[in-house]
Every structure is written in structure tokens, then in C-alpha cells.
Amino acid sequence: MLLVNLILLIGACLQGLLGFGLGLFSAPLLFLLAPQYVPGPMILNALLLTLLMSLRNHQDLQWRQTSYALAGGTIGVLGAALLMSVLVFAQYRKLFGALIVIAVLLSMIGARPALSGRNNLIAGIFSGFMGTATSAGGAPMGLLYQHADARLRNANLSVFFLYINIFGMVVLWLGGISGWADLCLFLQSVPALLLGWGMSGYVGRYLHGRRLRQLILLVAFAAGLLSVLL
């Protein structure tokens, strides 16, 4: 339990510092160490942090762009829930690992896709699917917004992931994939999440964001690969 809380604390701190990290850093490690945390409790964990981010950044939200992403996210969430309902754990483990590896590779791409409604729709579909299946769905939307104004990026992405996390949990709950046990694990995680989030402002004064990003991607890639191979 101590190791789980440490992983969550670090992930929440990275999330507050870089805008991502909880899903891509914590989810692959927890899937290997404590798979009961994925996806339900980790989606709830992400929901808490995206709520905090939405409250902080809502004034810069651009609804026209976000509406396309929300439509795509809805499609992605439903597709992921349908697929997860028919997979056994061994199959899900390989799917999880493959999606994490794909998320890392997408995060490393230097492409500059246009910030259009169509691309928001497409990225929303993939982020919704990956976020619901793995609780680490930030890469497709992050790729789309990586060169956008920081305030616009933080506002649009926080609202998108707030919606995806809420809708994803509702769908997983109604589909019987998630339940009360996930809620209990989430409540146990809240202190570590809030502590990590609170630490991010202090830690950011001393750590280099680019090197942290590289470390997150390396850890996520290794954990994802292990999930595929084991």
C-alpha cells in the first residue's frame, strides 16, 4: 500500500507540474503491481485532478474546439467499454500494454497537426478509447495541442478529460466493469493525490520539465512492454 501511494503521489505531482503524468506514469506501474487499480480507480483519480485543473483554467476554454473533441471522446469511451466487456484478463493485459506503448510513441512524435475541428474529433476518439481502457489517454489529445498556447491547451484538455473521466466511469459502472470496490480504492488514494498535487508548485522550481518528461516516457514504455510480454 505504501508503494502504491508513493506511485500515486509522484504521478499527481508530475500531473500538476507538466499537465500529464498520472496516467502515463502511475497507471502502467500500478497495473504491474496492483492491477485492481486499473482502470476504474485510476480514472477516478484522474477525475479528481482534472476537476482541479478545470477550475484553475476554465476562463481560457474555447468551446468550439472542445465540442468536437467531446463528441469524439464519447465514441471512444463507448468503443473501449464494449471491447473490455468481452476480454478476459490475459487479453486485457496485452491490450493495456500495447496501448501504453502506443501512447509513449505518440508522445514522442514531433508532428504538428492542425488544431481543427476534424482533428479534435479524431484525437478525441483515440483519447477516449485509450483513457477508458487504460486510464492513460492523454497522448492523442496532447499531440494535437502540444504547440498550442499553454492557457488554451490547459483549459481545453482539462475540460475534455473531465468529461471523458466522468462519462467513462458511468459507462464502466453501468456495464458492470467497475463497482464499489473501485470507489473505495479511489478514496484511499485521495490523500496521496492531493499531497502530490500540492507539491507540484514547489517541486517545479527545482526540476527540469524536459528531463522529467523523458523519464515518464521511459518508465511507461518499459511497463507497457512488460505487460505485453508477461
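Visitor: Where is the place of S135?

Guide: S135 sits in the loop between α6 and α7. Helices here are DSSP runs (H or I, at least four residues; strands are E, at least two), numbered from the N terminus. The model is predicted: local features need pLDDT of at least 70, side-chain atom pairs count only at pLDDT 80 or more, and totals for chains, interfaces and linings use all residues. Residues are numbered from 1 along each chain as its sequence is written, and side-chain values use heavy atoms, with hydrogens and water left out.

S135 is not a glycine, yet its phi is positive, about 65°. P39 lies between α2 and α3. The peptide bond joining V38 and P39 is cis, with omega about 0°.

Now take α6 and its partner α5. Their axes come within 10 Å and cross at roughly 130°. Axes are lines fitted to C-alpha atoms, for helices over the stretch in contact; angles run from 0 to 180 degrees between N-to-C directions. That makes α5 oblique to α6. The cut-offs: under 35 degrees is roughly parallel, over 145 roughly antiparallel, 65 to 115 roughly perpendicular, and the rest oblique. The α5 and α6 crossing is left-handed (the near helix is turned anticlockwise from the far one by less than a right angle; clockwise is right-handed). From α5, Y92, F96, L99, I100 and A103 meet F129, M130, A133 and T134 of α6. Contact means heavy atoms within 4.5 Å. The residues of this contact divide into eight nonpolar, one polar and no charged. Nonpolar covers Ala, Val, Leu, Ile, Met, Phe, Trp, Tyr, Cys and Pro; charged covers Asp, Glu, Lys and Arg; the others, Gly among them, are polar.

Next, α2. Against α1, the angle is about 165°, with the axes 8 Å apart. The two helices are therefore roughly antiparallel. Their crossing is right-handed. On the α1 side, the contact includes L3, V4 and I7; on the α2 side, it includes L22, G23 and F25. Its residues split into twelve nonpolar, four polar and no charged.

Against α10, α2 crosses at roughly 30°, and the axes come within 9 Å. So α2 and α10 are roughly parallel to each other. This crossing is left-handed. Among the residues in contact are F25 and L29 of α2, with I216 and A220 of α10. The count is twelve nonpolar, one polar and no charged.

The largest pocket holds about 900 Å³. Of its 40 lining residues, L18, G19, F20, G138 and G142 are the closest to its centre. On a 1 Å grid over the protein atoms alone, a cavity is a set of points where a 1.4 Å probe fits but cannot get out; a pocket is an open set with protein on both sides within 12 Å along at least five of seven lines; lining residues have an atom within 4 Å of a point. Grid points are joined across faces, edges and corners, and a volume is the space filled by probe spheres set on them. Helices supplying at least two lining residues each include α1, α2, α5, α6, α7 and α10. The lining has 17 nonpolar, 19 polar and four charged residues.
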